[in-house]
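Please view the sequence and the structure before reading on.

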Amino acid sequence: MRLTTYTDFCLRVLIFVAVRPDPLPTIAQIAESYDISKNHLMKVVHELGQAGYLATTRGKGGGLRLARPAESILLGELIRRTEPDMATAPCMDPVKADCVIVSACRLRKAMHEARVAFFTVLDSYTLADLAQNQGVLNELLSGFAVDEPARGRRLPAKPVAKVARKPALGTARKPAVAPARKSAVAAARKPGPKAKRGAS
């Protein structure tokens with residue numbers, strides 16, 4: 001079972017607002033922290049507001065805040081809203097279940113039980129549970145190092161090490177022989193004149 005990108009963005013926005021309630025975060029800050037398109041988040045924030053999860057304050061110092069306590073926002077409730085089609089297999093679709101064995105298949109029962117178990121676990125978690133490690137999340141969302149002794153210092157960019165390229169096996173070239181040495185080697189290999197028989 002795979003959640004859509006839309007649900008993923010909804011969860012990210014709510015976690016951000018729960019972790020950093022003051023000062024009120026903006027869509028631009030959330031987009032920059034997650035490296036997500038601002039245009040995508042505008043639609044997400046708008047629909048989260050319509051669903052009663054977020055409230056927007058306009059003007060100077062404005063931004064986003066939770067419209068409900070984080071303890072009252074169940075993950076299962078949110079995902080049921082953002083994922084209206086949770087058919088885990090084509091035969092689970094109430095309209096397009098056109099498999100010939102659908103009336104006798106036990107797979108549907110197993111998949112239904114799995115979906116119920118999936119949401120039972122999600123219903124046991126709230127947004128407040130996801131924001132419990134607020135300090136660590138806040139630093140990560142700010143782009144700061146968590147384990148740095150000097151807090152507030154951004155992580156330096158890691159230098160890229162240059163790796164010397166090794167020649168492929170069997171392609172190593174033999175060292176070049178100097179021209180003078182070449183002629184000496186050739187002369188040494190050239191056989192001398194044969195001695196005539198019977199010469200005194």
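Which side chain meets that of Asp 123 in a salt bridge? The partner is Arg 80, at 2.8 Å from N to O. The model is predicted: local features need pLDDT of at least 70, side-chain atom pairs count only at pLDDT 80 or more, and totals for chains, interfaces and linings use all residues. Residues are numbered from 1 along each chain as its sequence is written, and side-chain values use heavy atoms, with hydrogens and water left out.

**Salt bridges**
- The whole structure holds four salt bridges (a side-chain nitrogen of Lys or Arg within 4 Å of a carboxyl oxygen of Asp or Glu).
- Asp 123, in the loop between α5 (107-122) and α6 (127-130), and Arg 80, in helix α4 (residues 75-82), are 43 residues apart. Helices are DSSP runs of H or I with at least four residues, numbered from the N terminus.
- Glu 77 and Arg 68 form another of these bridges, at 3.0 Å from N to O.
- In helix α5, Lys 109 and Glu 113 lie four residues apart, about one turn of the helix; their closest N and O atoms are 2.6 Å apart.

**Aromatic rings**
- Two aromatic pairs are counted, where ring centres of Phe, Tyr or Trp (its six-membered ring) lie within 6.5 Å; planes under 30 degrees apart are stacked, over 60 edge-to-face and the rest tilted.
- Phe 16 and Tyr 34 are edge-to-face, with centres 6.2 Å apart and planes at 65°.
- Phe 118 and Phe 119 are also edge-to-face, with centres 5.3 Å apart and planes at 80°.

Technical notes
Helices (H or I, at least four residues) and strands (E, at least two) are DSSP runs, numbered from the N terminus.
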